[in-house]
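Subject: Structure handover

Hello,

Here is the structure you asked for. My notes follow below it.

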Amino acid sequence: MTSSTRRSAVPRAARFERPRTHLLTRLSESIDSPLVVLAAPSGYGKTTLLAQYARVTPRRVAWCRLTDAQEGPAIMTARLAQSLNLTALSTPDPRTPTGALLDLLASALSQLPEGVDLIVDNAEGEGQREWLARLADTLEEGHRLLVSSYTTDGFRIARRLADGQAIVLDATDLSFTDQEVAAYLQERSAPVAPADVNHLSGWPAGLALAAHGAPRHASADDLVLEALGALPPGVRSALHLLAPLDVWTEPDALTLAPELPAGWLQVVQRAGLPVIPLGGGAVQPHRLLVSVLGAQLARQPARAAEARQAAALIAQARGETERAAWLYLQGENPAAALEVATPLVALYRDRGEHHRTRALLEAFDAALLSVPLLERLAWAQVETGAASQGEAVLEDLQRRKVLSPSGLASLAMIRGRQGHTDAQYALALEGLNRGGPVIPALYWPFVQAALRLGRLAEAEAATERLRHWAQSGTDLVRQAEAWHLQAITWQRTRTPDEAVRALTRARAAYEQLGWQGRAAGLHLDELELTVRAGAATEVLCVTLRALDTRLSPEASVLQVRRLRLLGTVQRRLGHLSDAEESLTQALQVANDAGIHPGSAGLTLALADVLVASGRLSEAREWLSAETPGQPGILRALLHAQVDRQPLHLTPDDLNAETDQEIHGRALAFLASAGTPATRPPQSAAAYTLRIFTLGDCRAAIEGQPVKLGLAKARELLVWLSLHTSGSRDELVTALWDGSDEERHVEYFRVTVRRLRAALRTHLPDGLDPLPYADGRYRLSESLTVEVDVHDPVTPAALRPFLPGVDTEWVTTYRQLHAQQAAGTLLSQAAALPLTQAAAAYAALVRLDPLLAGAHEGLITSLHALGDPGLQGALQQYERVLSDEYGERLPTHLRNLCAG
């Protein structure tokens, strides 16, 4: 069994392991809580409980054991995918953004025909917990995430508990009950004094050690030490040499401690020391045990260095390069550590794992780091909250004239974030002029600065060079990025159609990679082009709000753009308070990320809203904080309005403005000799969901058919459209006629996932068409739902409601609707033109041959029309009266017949 396989395999039961029956029941009965957190200190049986559950549950399980607080989303995704046999995700491209990993994993899970329990054991790192919290947010019905940790920090647990979306089992829950203590001690045949039992307060690890013969002590370390003292001398004297290993096997142990006697591992397991069987002759020592052994090893510095060196070699041979690097460092071999760390840093760069880069490189003496590694450390510091420290490193390298083109790119990006566009341009240009291999990171700050400074030809030439270079290779990521930069440039230099073409190419490449977060960023560019073309609708507002969930929380630049664009659309719709709120939020995000508000376009956007609100003095303050390079016409227009001065624009200025709304406002201002033109609020639009229930059941969003494959998905959609919202119990009861069988509940979860996926196809990324909130499912408020049963009654309303569906609620509704439609149509038919009236009466007769009013209305209408079908209608009614009631035609109808 490889180390990778071990970390995706459910641990085996340990000797004397006590089944936690009541806790297993609780886990089994909480399927609808998407997040379960076991949060307690060491020794409370978190791993044991999760493993017991994984071994007994009938549900499908994916197991991921983390061994390091720095193991990131790529590793967690790969281990979960390996456990689920999701081959495509088992080895993701290391450059895949963390948000894209979430999207890819969620998409793969949504395709599974059953619910899955994702179990992640030992999530110590804050970054791990934050990513897992985002994973829990993406899980759809039937899927669940179970995590063990030492804290709930990072899970936003208070909100989840309030919403009923999480369960927490803490030390109090995980402690042995009095009955479990008694049963455990009886099974071990271990007489433990009552006072010692009370002192341990149900602590599972302490009870295990006490049952082994360790007396009562104040600390966990003392209990472990007592248990170690009971081992045979040959094992006891050498076991501490294994402290550097995270997994113990006989062969590895002989490398570190050749003096260990044969069969030592079985001795350790029989002794009751806290170890977890992993199968294949391997065990995982508990943190308590490793901590005590590590303290013993530290008293022998020479042996400690040897053991860590040996453990590092084992880790390196297995491909565990990060663990090897840290072990080499702890073993006082920085040269070997640096050799292993150098390719690791490149991998972290591709993954965007700046925290790991910083943690690793800061562990070295800076004098040992090469210039490229110092540059990587500096950028990691910039991206992890130590911007001034990273900036100082890069400036020092620049003073020493050793800063590489990649380092110049990093420093240029820092200057751009600070709003120093000229310095950004100069640094990026210096890097490009050095020649050598293409450094894609240089092109981004150069093109952005060139565009801000109006050097459009230079920006065009640079993007063309990068695109040709990318297309000459086979790297899809580089090709997507090159098209992305091309699109950014063409938005300023080419027609909107050409810009959209570049965006479409880049977006398609990112979607092919499964990088939905990057694709969402390009969607943002497309929306900006739409707004520049003059569009401002409620649909755009809904779409921009929905993009919030598709963009990574770390994507501060994109979040600022999204909020700025949302505020712009809201201002043009006349929703000034909403616009100010969105732009204020954008300011907060920009400030937190160190982004200059002027370079992000926020100063002009806020000034625009304040001018429209009549708050000219506040607008003047924001205009004074603007950054050079912002759109000239809007700046000039706002200054003219604030200062009540004429607007001076040349025809070339007007022709260069690509935003049609700003262009129109400027023309109106010029035509009115300085009187600002106001734009009336536009009518709100919405995404219209049209549902057809009479005859064949189908649905369409904005006229585009929705593919609803499952019959139950169609029925669920109709139920929600008629009842507004429903709890899971209400919906299962309705769709399965009161059944509470687990198979129907599980099928309901699949139905919800399929319906949501079908509706999402026609809606903006990030908009949930079927949200679950306050314990109820409902269709999104962003959808205007139209159902044909609510249309004005025509003969078409007499078609059967959901034909072929025989659940009780459908049958009842079908009968009720038929009666109501028939009554309404009968009462309305007399007022219709004769031809329409005859058609309505004929439809009613087909629906209910015993409806006398319909027969008589049909006969009267046909007579007035002189329709030859009159005789057939009279004969049909005569047969009905004779066969069903033994009566003759009424006199006035017999007269019509005689006539």
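Which residue in β7 is the bridge partner of glycine 279? The partner is alanine 282.

Before the rest, a word on the basis. This is a predicted model, in which local features need pLDDT of at least 70 and side-chain atom pairs count only at pLDDT 80 or more, while totals for chains, interfaces and linings use all residues. Residues are numbered from 1 along each chain as its sequence is written, and side-chain values use heavy atoms, with hydrogens and water left out.

Helices (H or I, at least four residues) and strands (E, at least two) are DSSP runs, numbered from the N terminus. Strands β6 (residues 275-279) and β7 run antiparallel and are joined by four bridges; two strands pair if DSSP finds at least two bridges between them. Two residues lie between the strands of this hairpin, and glycine 280 has a positive phi near 65 degrees there. Strand β7 (residues 282-285) is covered on both faces, with Ala282 and Gln284 buried on one side and Val283 and Pro285 buried on the other. Buried means under 20% relative accessible area, exposed over 50%, and partly exposed in between (1.4 Å probe, protein chains only).

Contact means heavy atoms within 4.5 Å. Trp248 is also among the residues with the most contacts inside the largest nonpolar core, which has 85 residues; Leu228, Leu239, Leu242 and Trp264 are the others. A nonpolar core is a set of buried Ala, Val, Leu, Ile, Met, Phe, Trp, Tyr and Cys residues joined through side-chain atoms within 4.5 Å. A second, separate core of 47 residues includes Ile691, Val745, Val810 and Ala821.

Five strands make an open, parallel sheet in the order β2-β3-β4-β1-β5. Its edge strands, β2 (60-65) and β5 (166-169), each pair on one side only. On average, neighbouring strands are turned by 15 degrees against each other, direction ignored. Axes are lines fitted to C-alpha atoms, for helices over the stretch in contact, and angles run from 0 to 180 degrees between N-to-C directions. Within this sheet, β1 (residues 35-39) and β4 (residues 144-149) run parallel with five bridges between them, and valine 36 stands opposite leucine 146. Helix α2 packs on the sheet, touching β1, β4 and β5, and its direction makes about 165 degrees with that of β5.

The other open sheet has four strands in the order β10-β9-β8-β14, with mixed pairing. Its edges are β10 (704-705) and β14 (783-787). Strand β8 (residues 687-692) runs parallel to β14, joined by five bridges, and isoleucine 691 faces valine 787 there.

Helices

Helix α2 (residues 21-28) packs against helix α3 (residues 46-56) at about 65 degrees, with the axes 10 Å apart. Leu23, Leu24, Leu27 and Ser28 in α2 meet Leu49, Gln52 and Tyr53 in α3.

Glycine 390 is in helix α23 (residues 387-399). Is this glycine buried or exposed? Glycine 390 is buried, with a relative accessible area of 0%. Alanine 378 is twelve residues away in sequence, and the two C-alpha atoms are 3.9 Å apart. Leaving aside neighbours within four places in sequence, glycine 390 is in contact with Ala378, Gln381 and Val382.

Regards
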